[in-house]
Amino acid sequence: MSTWLRQHWQTLGMTLGRLARDPLAALLNVMVIGVALALPLGGYLLLQNLAGVAPRMTGSPQVSLFLAQDAGKNDIAALEAQLKQIPGISALRFVSREQALEGLKQSENLADVIAALQTNPLPDAFVLEARGGAAELEKLETQLGALPKVAHVQLDSAWVRRLESLLALGRMAVMILAALLACGLVAVTFNTIRLQILTQKDEIEVSKLIGATDAFIRRPFFHLGFVQGALGGLAALAIVYLSMQILNGSILALAQLYGSDFKLRFFGMIDCLALLAFAAVLGWVGAYMSVSRHLSGIEPR
Amino acid sequence: MISFNQVRKSYRGGHEALRELSFAIEPGELVFITGRSGAGKSTLLKLIPAIERPTSGTVLVNGQNIGSMRRAAIPYLRRNLGLVFQDQKLLYDRNVFDNVMLPLAFTGHAHKEAARRARAALDKVGLLAREKANPITLSGGEQQRLCIARAVVNRPSILLADEPTASLDSASAAEVVEMFRAFNQVGVTVLIATHDEALVQRLNPRVLALEQGRLAA
């Protein structure tokens with residue numbers, strides 16, 4: 001066991017040494033992998049931020065509850081008490097018909113029309129803020145419609161549904177992009193390792209002649225693919241992080257116009273580690289394919 | 001230790017390198033394989049470390065049958081053999097010392113022990129002072145001695161050398177042969193293929209003379 005570990009350790013040292021000996025080539029490979037991974041990663045970052053922030057941005061979905069014209073003060077008080085019992089409602093505001101009329105009078109082009117009215121045609125209303133996704137909102141709608149003295153429930157859930165399907169679409173696009181670029185990463189590693197095998201052809205041949213096992217000969221190439229993948233993942237994280245910092249300057253200025261302090265937030269530690277592991281494993285896979293394909297061709301004569 | 005029984009080896013295209021070859025070599029022997037180019041000397045030497053497999057007949061090395069040996073077992077067979085090549089097959093991307101360290105990397109020696117062994121091997125061939133040099137800067141004789149150091153660093157029981165003196169001047173050739181004799185005297189079985197008749201006559205060893213893939217009468 002300790003021999004096995006020591007051999008891995010020595011190989012890793014050799015691999016890093018080999019990368020350091022030709023830093024430009026290593027850097028370019030890492031850059032290619034980094035840029036390829038940065039595209040889906042950046043998309044994922046945007047989606048994650050958007051999904052996390054969307055409900056907060058507009059408060060929560062609003063429901064307007066219009067009361068029947070014959071609802072009296074007692075009916076309204078009873079209804080308010082009932083509404084407060086419903087768990088899906090996070091905030092509740094009563095808008096009386098007089099308040100509503102006053103509100104309309106404020107808008108210039110309607111003032112004349114309203115002045116001509118004999119009576120107030122507007123109903124009393126509750127404006128509710130609800131919690132939950134599209135499905136829960138629809139359940140709430142039915143529940144509210146069944147309450148006494150409620151004439152009409154207007155649910156503003158269309159945008160929630162739209163946003164959700166938009167996010168789902170975005171997620172799908174990012175997944176496809178990620179899958180394609182993962183193949184790209186494997187291909188890049190495949191080629192790098194192929195070149196590396198060709199440059200080390202003599203060493204491989206001599207090693208086979210003097211008793212190296214196939215496992216021993218393969219090992220440094222696996223390490224190389226693994227390390228290169230991980231470094232590429234690191235580069236991708238750096239690219240996305242820097243881009244985010246640049247974007248955040250503009251985003252903050254824009255958000256302030258809307259009285260928000262929204263800005264993009266970076267991935268947590270777990271997400272970063274998962275990405276590094278993913279990139280490293282892809283590098284290993286590319287190396288594995290390349291080694292299986294190219295190493296058997298080198299036999300001493 | 002090494003025995004050939006009715007060994008035939010034909011290459012693709014029908015060329016018959018060895019025909020019905022039988023002989024046995026005991027532990028501790030020093031044997032020269034002689035014959036003209038194309039007589040089958042190299043093929044004979046390639047059969048022992050399973051670089052080539054016999055077409056028919058049996059080759060036994062330390063009791064193992066080369067013809068039926070699994071691929072995965074070959075590295076372990078080769079670790080017990082020291083191979084010296086006519087073209088040395090040195091690695092020019094590393095220094096003399098690291099060339100000798102190569103076989104020790106896959107036998108799993110600790111670095112300190114490996115370095116000690118590598119220096120001992122270099123000392124035996126008189127290259128200890130050149131350990132930091134790149135092999136390309138060595139003379140032909142020195143390169144051949146480096147190849148020998150790499151072959152013996154794992155302390156093999158059998159040394160195989162294919163035309164080890166072919167590209168050397170006579171003084172260097174004599175040095176190299178003297179080294180093989182020294183290893184033989186400490187119990188290593190040594191097989192040397194050569195077409196250098198003068199060399200053979202001077203040592204007066206056992207000789208396997210090949211002629212068109214057979215032992216010459």
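How many residues does the contact take from chain B and from chain A?

## Where the chains meet

Keep in mind that this is a predicted model. In it, chain B brings 11 residues to the contact, and chain A brings 13 residues.

Sorted by class, the side of chain B that touches chain A has seven nonpolar residues, three charged ones and one polar one.

## The sheet in chain A

Now over to chain A. Here four strands make up an open sheet, running in the order S2-S3-S1-S4 with antiparallel pairing. Why do strand S2 (89–95) and strand S4 (150–155) of chain A each have one side without a neighbour in the sheet? Both stand at the edges and have a single partner strand each, so one side of each is left open in that sense. Going from one strand to the next, the twist averages 20°.

For S2(A), pairing is with strand S3 (residues 125–130) of chain A, in the antiparallel sense and over six bridges. Within this part of the sheet, Leu92(A) sits opposite Leu128(A), a residue of S3(A).

## A helix on the sheet

What packs on this sheet, and which strands does it touch? That would be helix H3 (residues 73–85) of chain A, which touches strand S1 (62–67), S2 and S3 of chain A. The direction of H3(A) makes about 165° with that of S2(A).

Technical notes. Residues are numbered from 1 along each chain as its sequence is written. Chains are lettered from A and ligands numbered from 1 in the order in which they are written. This is a predicted model: local features need pLDDT of at least 70, side-chain atom pairs count only at pLDDT 80 or more; totals for chains, interfaces and linings use all residues. Two residues are in contact if their C-beta atoms, placed from the backbone, lie within 7 Å. Ala, Val, Leu, Ile, Met, Phe, Trp, Tyr, Cys and Pro count as nonpolar, Asp, Glu, Lys and Arg as charged, and the others, Gly among them, as polar. Two strands pair if DSSP finds at least two bridges between them. Helices (H or I, at least four residues) and strands (E, at least two) are DSSP runs, numbered from the N terminus. Axes are lines fitted to C-alpha atoms, for helices over the stretch in contact, and angles run from 0 to 180 degrees between N-to-C directions.
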